[in-house]
Amino acid sequence: MMDQYKKDDNDRVDGIDKVTGKAKYFAEYKVPGTTYGVLVTSSITKGSISSLDTSFAMKAPGVLGVLSHLNKPSVPGYEQAGGPVMKIFYSNKIYFNGQPIALIVADTFERATYAATLVKATYSKEEFHTDFEQRLKDESAKKTIGQPDYKRGVENAYQTAEVKLEETYTIPIETHNPMELHGILADWRANNMVTVHAKTQGVKTTQGTIANVFKIPMENIQVNSEFVGGGFGMALKTWPLEIAAVMASKHLAKPVKLVITRSQMFTMVGNRPAAVQTIGLGATKDGKLTGITHRAFGETSSYETFTEGVVNMAKFMYQCDNVNTSYSVVPMDLSTPIWMRGPGEATGAFVLECAIDEMAHALNMDPLEFRMKNDPELDQQKKLPFSDKNIKEAYRIGAEKIGWSGRNKLPGKLQDGPWLYGKGVSTGVFNANRGKASVKAILKSDGTLLLQSAASDIGPGTGTGMVLIASKVMDIPVEKITFELGDSSLPPAPSQGGSATLSTVGSAVNDVCVALKSMIAELAANANMATTAKYVDVLKKNNLPMVEITKQSQAGSEREKYSMYSFSIHFVSVRVHSLTGEVRIHRIVSIGDSGTIVSPKTARSQMVGGAVGGIGMALMEESVIDHRYGRYINNNFADYHVPVHADVPEIDVHFINKPDPYINPMGAKGMGEIALIGFSAAVANAVFNATGKRIRSLPITPDKILA
Ligand code: MOS
């Protein structure tokens with residue numbers, strides 16, 4: 001079968017490994033003598049453990065050890081001031097329901113799972129708060145931890161505008177739920193040498209965290225993470241459960257594999273925090289924005305502060321002289337949230353982009369026309385020109401593809417039998433990041449090129465993009481190039497997050513290839529060869545089996561002169577059943593404006609994945625807590641709904657694909673986040689257009705439409 005498939009240069013370099021099962025994920029590694037860890041978790045939400053009886057578990061078949069605050073193996077980093085905030089098994093304090101209180105290690109996973117049921121805990125309970133919206137009613141809870149307020153021009157100018165609106169929007173907790181469960185395989189050997197197979201978005205981050213917590217040198221720690229089965233932000237941090245596995249491996253002098261359960265994924269590895277946001281917009285009657293006020297509350301845990309860029313977009317997306325924003329977080333008796341795809345911006349864009357639609361409706365203007373009218377020439381926040389922005393072109397292309405002219409301006413008026421039809425649009429934006437990375441290039445006399453960097457690939461196809469960049473610079477066919485990643489011993493690269501990998505690591509690939517070419521040109525000159533001589537011939541003539549070079553690359557001062565963002569436009573066409581409130585999305589057009597598209601196939605997949613995630617955010621995803629107990633009640637894939645194939649229509653992806661002249665040598669900007677950011681607003685706006693109902697709380701479920 002395989003040979004019937006026609007390969008092309010844009011294929012994923014690891015595509016066949018992935019679909020044939022050859023690609024290995026952390027839990028699939030087998031280390032001789034591996035033991036298995038299972039976590040026992042708190043059944044209360046706040047308070048302390050009064051007693052913990054692990055004696056029955058210890059006597060269960062196959063059990064090798066139990067870790068808890070009672071035996072508390074020494075962790076030097078936990079003793080120091082400024083160490084991690086959540087110190088696992090360090091004290092008897094309980095901060096959230098589902099907090100690990102013990103780790104059972106046994107010779108098989110099944111025996112560890114059984115023994116975990118034998119641990120008996122009693123608690124001293126305290127009053128707790130898990131209901132965010134309820135908590136916000138208590139003014140004293142709104143302590144100002146968060147980010148500084150922002151203001152330009154007149155504060156709350158919207159209040160005195162010719163046309164104004166003020167509305168409050170809510171989004172619930174969402175849980176990343178990648179297919180692959182989280183965990184780690186930790187192998188602590190003699191002389192404090194540690195090897196881990198991890199699920200991580202950054203092998204260097206994992207290495208650094210372990211070094212810091214256990215106070216051993218970075219060089220002692222080898223982190224491997226070649227394949228990751230989805231991250232979406234939850235694997236940007238080395239979580240306490242991973243420290244527990246390393247701790248157990250050290251304590252028992254055995255490799256310990258710990259893979260958490262699906263329900264533990266809801267409490268141990270973060271989530272998109274719930275948010276309550278109020279937005280005020282003011283405009284002149286002819287449709288010029290005169291005031292934007294965006295105030296947001298997010299949640300954090302009681303033991304750690306987590307903030308994200310919820311109100312960023314309001315500061316620069318639209319031309320408006322009077323903008324003020326505030327954002328603060330409220331400690332809840334839940335585990336600490338973390339970035340989830342389009343972090344912050346996806347939360348904020350839902351509100352800003354719905355409000356823009358609401359204002360357009362109030363002005364009796366087309367929402368696209370309203371956006372065009374308020375499209376800024378300059379970034380008013382940074383007071384800089386945009387490095388590259390083609391929003392108007394993106395609007396035009398998308399409008400044509402979705403058939404925007406056929407949209408009925410009056411909501412709730414396009415009906416066919418029980419179905420109401422509507423179209424919506426929204427914009428997404430995310431900072432076009434570029435960090436610092438190093439790449440090593442090894443060119444062999446057989447004509448193959450090996451590139452190495454401690455970068456990660458959580459699924460977008462990092463290796464594929466890097467190989468395409470190298471192929472272009474070196475003029476070597478893609479099948480002769482290999483990119484190695486996910487290994488902490490390789491030249492350093494940052495974590496895969498914030499849509500920065502292609503820009504950051506890709507630039508280093510570009511730079512190392514440019515350096516390699518001039519190195520070979522020099523060798524050619526030394527050997528009196530023509531500058532056009534083949535690489536292989538130059539190496540042979542110089543009697544070199546290979547040449548290698550390492551380059552570090554980072555952004556320069558161009559970032560002080562230009563405002564750099566990636567943009568997206570999402571068009572959605574929906575039908576809503578007038579009797580059941582069911583929303584079906586029947587077309588999606590997503591336009592990406594993110595500079596040069598280096599890897600067309602994986603770039604398209606990013607946009608498709610973002611749209612699918614966006615359908616989930618808009619219509620389904622919500623982590624529900626029973627506030628009587630502070631416990632998640634839909635912490636499984638039967639009850640936590642994500643889109644399935646039947647929920648996903650044709651997705652038409654288009655890229656502007658023009659190089660950003662300033663961002664990096666490729667002219668390419670990240671697009672992992674913009675694929676999702678704004679999408680939920682496009683759905684909400686389409687639902688409004690179809691039904692005349694403005695749903696300001698996600699997810700948009702039938703009960704809200706029928707209410
Ligand atoms: Mo992304 S939320 O930066 O993995």
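Me: What makes the charged end of Lys87 count as sitting over the ring of Tyr90?

Reply: The charged end of Lys87 is 5.1 Å from the centre of the Tyr90 ring. The rule asks for NZ of Lys or CZ of Arg within 6 Å of the ring centre and within 35 degrees of the ring normal, so the distance of 5.1 Å passes. Lys72 also lies over the face of Tyr90, at 4.4 Å from the ring centre. This is a predicted model, in which local features need pLDDT of at least 70 and side-chain atom pairs count only at pLDDT 80 or more, while totals for chains, interfaces and linings use all residues. Residues are numbered from 1 along each chain as its sequence is written, and side-chain values use heavy atoms, with hydrogens and water left out.

Me: Why is the pair of Tyr78 and Tyr90 called edge-to-face?

Reply: Rings of Phe, Tyr and Trp (its six-membered ring) pair if their centres lie within 6.5 Å; planes under 30 degrees apart are stacked, over 60 edge-to-face, and the rest tilted. The centres of Tyr78 and Tyr90 are 5.7 Å apart and the planes stand at 85 degrees, so the pair is edge-to-face. The partners lie 12 residues apart, with Tyr78 in helix 3 (residues 76–79) and Tyr90 in the loop between helix 3 and strand 4 (93–94). Helices (H or I, at least four residues) and strands (E, at least two) are DSSP runs, numbered from the N terminus.

Me: How do you know whether Tyr78 is buried or exposed?

Reply: By relative accessible area: under 20% is buried, over 50% exposed, and in between partly exposed (1.4 Å probe, protein chains only). Tyr78 has 2%, so Tyr78 is buried. Tyr90, at 24%, is partly exposed.

Me: What kind of pair do the rings of Trp188 and Phe214 form?

Reply: Their centres are 5.3 Å apart and their planes at 65 degrees, so this pair too is edge-to-face. Trp188 belongs to strand 9 (residues 183–189) and Phe214 to helix 6 (residues 203–214), 26 residues apart. Trp188 is buried at 7%, and Phe214 is buried at 2%. The structure holds 15 aromatic pairs. Phe316, Phe386, Tyr565 and Phe567 form one aromatic cluster.

Me: What makes Glu174 and Arg272 a salt bridge?

Reply: A salt bridge needs a side-chain nitrogen of Lys or Arg within 4 Å of a carboxyl oxygen of Asp or Glu. The closest N and O atoms of Glu174 and Arg272 are 3.1 Å apart, so the pair qualifies. The pair links distant parts of the chain, 98 residues apart: Glu174 is in the loop between strand 8 (163–171) and strand 9, and Arg272 in the loop between helix 8 (265–268) and strand 13 (275–283). Glu174 is buried at 1%, and Arg272 is buried at 1%.

Me: How many salt bridges does the rule give?

Reply: The count comes to 27. Among them are Asp187 with Arg189 at 2.5 Å, N to O, and Asp107 with Arg111 at 2.9 Å. Asp187 is buried, with a relative accessible area of 6%. Asp107 is partly exposed at 33%, and Arg111 is partly exposed at 35%.

Me: How do you know what helix 12 should span?

Reply: The expected span is 1.5 Å times one less than the number of residues. For the 13 residues of helix 12 (residues 462–474) this gives 18 Å, and the end C-alpha atoms are 18 Å apart, which agrees.

Me: Why is helix 12 called largely enclosed by the rest of the structure?

Reply: Because 12 of its 13 residues are buried. The buried residues include Thr462, Met466, Leu468 and Met474.

Me: What makes Met179, Phe637 and Val642 a patch?

Reply: Patches take residues with over 30% relative accessible area and no salt bridge, joining like charges within 9 Å and nonpolar side chains (Val, Leu, Ile, Met, Phe, Trp, Tyr) within 5 Å. These three form a nonpolar patch on the surface, with about 300 Å² of accessible area together; areas come from the Shrake-Rupley method with a 1.4 Å probe, and for residues only the protein chains shown count as cover. Phe637 has 38% relative accessibility and counts as partly exposed. Phe637 is in the loop between strand 27 (631–632) and strand 28 (651–655).

Me: Why is Asn191 called exposed?

Reply: Its relative accessible area is 70%, which puts Asn191 over the exposed cut-off. Asn191 has a positive phi of about 60 degrees although it is not a glycine.
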